[in-house]
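Here is a friendly note to read alongside the model. Keep the viewer open, and look up each residue as you reach it.

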Amino acid sequence: MDLDFSPEEHAFRRDVRAFIDAHLPAETRAKVMGDRPLDKADIVGWQRILNTRSWATPSWPKEYGGPGWDAVRRYIFLDELHQGGAPEPISFNVAMLGPVIIAFGTDEQKQRLLPRLANLDDWWCQGFSEPGAGSDLANISTTARREGDHYIVNGQKMWQGMGHWADWGFFLVRTDPSAPKKQAGITFLLIDMKSPGVSLSPIITLDGRHEVNSVFLDDVRVPIENRVGEENQGWTVAKYLLSNERTNIARVGVTKRILAKTRRAAEANGLIASPSFRAKLSRVEIGLQAVETLQMRLLAALAKDNRADPRSSVLKLKSVEVRQAASELLMEANGALGISFVAFEQGQTPPFDEADEGWSASAVCFNLRGASIYGGASEVQRNIVADTLLGLTRG
Ligand SMILES: Cc1cc2nc3c(=O)[nH]c(=O)nc-3n(C[C@H](O)[C@H](O)[C@H](O)COP(=O)(O)OP(=O)(O)OC[C@H]3O[C@@H](n4cnc5c(N)ncnc54)[C@H](O)[C@@H]3O)c2cc1C
């Protein structure tokens, strides 16, 4: 198995890097590198720049306006974005809904939605989870009943990432409560977030930021043409979407960035001389090398045989563990400065220089706690590993 890149792939990497260097707005890059929150305009602006080269939709085929890249080029592209301080294209639009519309949408939906998704003309959010449905997603209780050519939707969704910026949302709703299996009565609907009856309530997370929300749906009228796929077949659509959500999970480039910052801070304040700190740093660096090697092996396998690989659950598990461990070291390496961000986010005057890159360490660390929950919780990944890779059957 060849785990190295070909000369063409190295050339592609240089091309991506040169494009980022030439076109990424300096202010956006500074925010990403400094782990400061991005404004909606930063993200929209950058995605539109990428879209001028069809690069806003890395996984889309050429016939739908994507670049038609294979898995290795997609990986290199995202790695360069991560290491170069560039935001990723919004996954709700281009990694989740776009592929769903390509696979299940009508011709009219493809023509209307795909260009807008790519150009971030509309910002989308994901309305799947509920208070009683997360890992067990088929347990949703939000209902949609037919009334003429509309659905009337009622229920509560939870954890909608950037829902407060969203123009539209893709939702899972229950259209047949009497279906024999809970997966059978679910439908996939597109809902205009400005519709009467849609309201949001912010959830402030441990890092002091507003990223996630609860969404309440109260007699919301949704035209039937906003359905993707057949009525009661939404589970098939959702499974397809989730399999795409779980690709690009390792984010090795982001962890490399965190570790580089950790080293710089520890070298600047002398902590690097501590044998116990060096041992911890080495352990995380070795863990990252193992994750990167696994990522390369999965890419090589994918290039040969374009099928979902259950080893991606190991990749999700380990890459998140290593990223979380790296962020804990970042906080440790920055000492008191490393815990100042949360106070700043809560409106207090920063007792530090914003140019000092350590000040956001706690935000990075606290924000990453969620990474072992979303995109498939770690315990659920372990179940998959036990079932599919180790052949252990649960009683
Ligand atoms: C930061 C963040 C952003 C998110 N963004 C979105 C979004 O945009 N849209 C959206 O729809 N959802 C979003 N989610 C929701 C996310 O998908 C769910 O949190 C996730 O599916 C887990 O569901 P839950 O929170 O209900 O926990 P539960 O499923 O109730 O799990 C609770 C605990 O039990 C464990 N557990 C559950 N089932 C099993 C099992 N079978 N075996 C062993 N252990 C198990 C879990 O691992 C976890 O530790 C987001 C979550 C977070 C934290």
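Is Phe 77 buried or exposed? Phe 77 is buried, with a relative accessible area of 0%. Please keep in mind throughout that this is a predicted model.

1. Trp 55 sits in the loop between α3 (40-51) and α4 (71-83), while Phe 77 belongs to helix α4, so their pairing ties together parts that are 22 residues apart in sequence. Trp 55 counts as buried because its relative accessibility, 6%, falls under the 20% cut-off.

2. **A second partner.** Phe 77 also pairs with Trp 69. Here the rings are tilted, with their centres 4.9 Å apart and an angle of 50° between the planes. Trp 69 has 11% relative accessibility and counts as buried.

3. Which residues do the ring pairs link into a cluster? They are Phe 12, Phe 19, Trp 46, Trp 55, Trp 69 and Phe 77.

4. Now turn to the ligand, which is surrounded by 16 residues. The closest are Gln 126, Ser 129, Ser 135, Trp 159 and Glu 379. Sorted by class, the shell contains 8 nonpolar, 7 polar and 1 charged residues. Why does the ligand lie between domain 2 (124-236) and domain 3 (249-389)? Both domains give residues to the shell, so the ligand lies between them.

5. A backbone N or O atom of Gln 126 is 2.8 Å from a ligand nitrogen atom. With Ser 135, a polar side-chain atom lies 2.6 Å from an oxygen atom of the ligand. For Asn 383, an N or O atom in the side chain is 3.0 Å from a nitrogen atom of the ligand. As for cover, the ligand taken alone exposes 970 Å², and the protein buries 64% of that.

6. **Gln 324 in helix α10.** Gln 324 is found in helix α10 (residues 311-334). What is the relative accessible area of Gln 324? The value is 9%, and Gln 324 is buried. A polar atom of the Gln 324 side chain lies 2.9 Å from the backbone oxygen of Leu 368.

7. **Lys 256 in helix α8.** Helix α8 (residues 252-269) contains Lys 256. Lys 256 is partly exposed, at 26% relative accessible area. Between Lys 256 and Leu 288 there are 32 residues of separation in sequence, and their C-alpha atoms are 8.0 Å apart in space.

8. **Ser 91 in helix α5.** Last, look at Ser 91, which lies in helix α5 (residues 91-104). With a relative accessible area of 29%, Ser 91 is partly exposed. How many residues apart along the chain are Ser 91 and Ala 333? They are 242 residues apart, and 32 Å separates their C-alpha atoms.

Note on methods:
Residues numbered from 1 in each chain as written. Predicted model: local features only at pLDDT ≥ 70, side-chain atom pairs only at ≥ 80, totals over all residues. Heavy atoms only, no water. Near = heavy atom within 4 Å. Polar contact = N/O pair within 3.5 Å; in protein donor to acceptor, adjacent residues only side chain to side chain. Areas by Shrake-Rupley, 256 points an atom, 1.4 Å probe, with all protein chains shown as cover. Nonpolar A, V, L, I, M, F, W, Y, C, P; charged D, E, K, R; others polar. Domains from an automatic or database assignment. Helix = DSSP H or I, 4+ residues; strand = E, 2+ residues; numbered from the N terminus. Buried < 20%, exposed > 50% of the residue type's maximum accessible area, 1.4 Å probe, protein only. Phe/Tyr/Trp six-rings, centres within 6.5 Å; stacked < 30°, edge-to-face > 60°.
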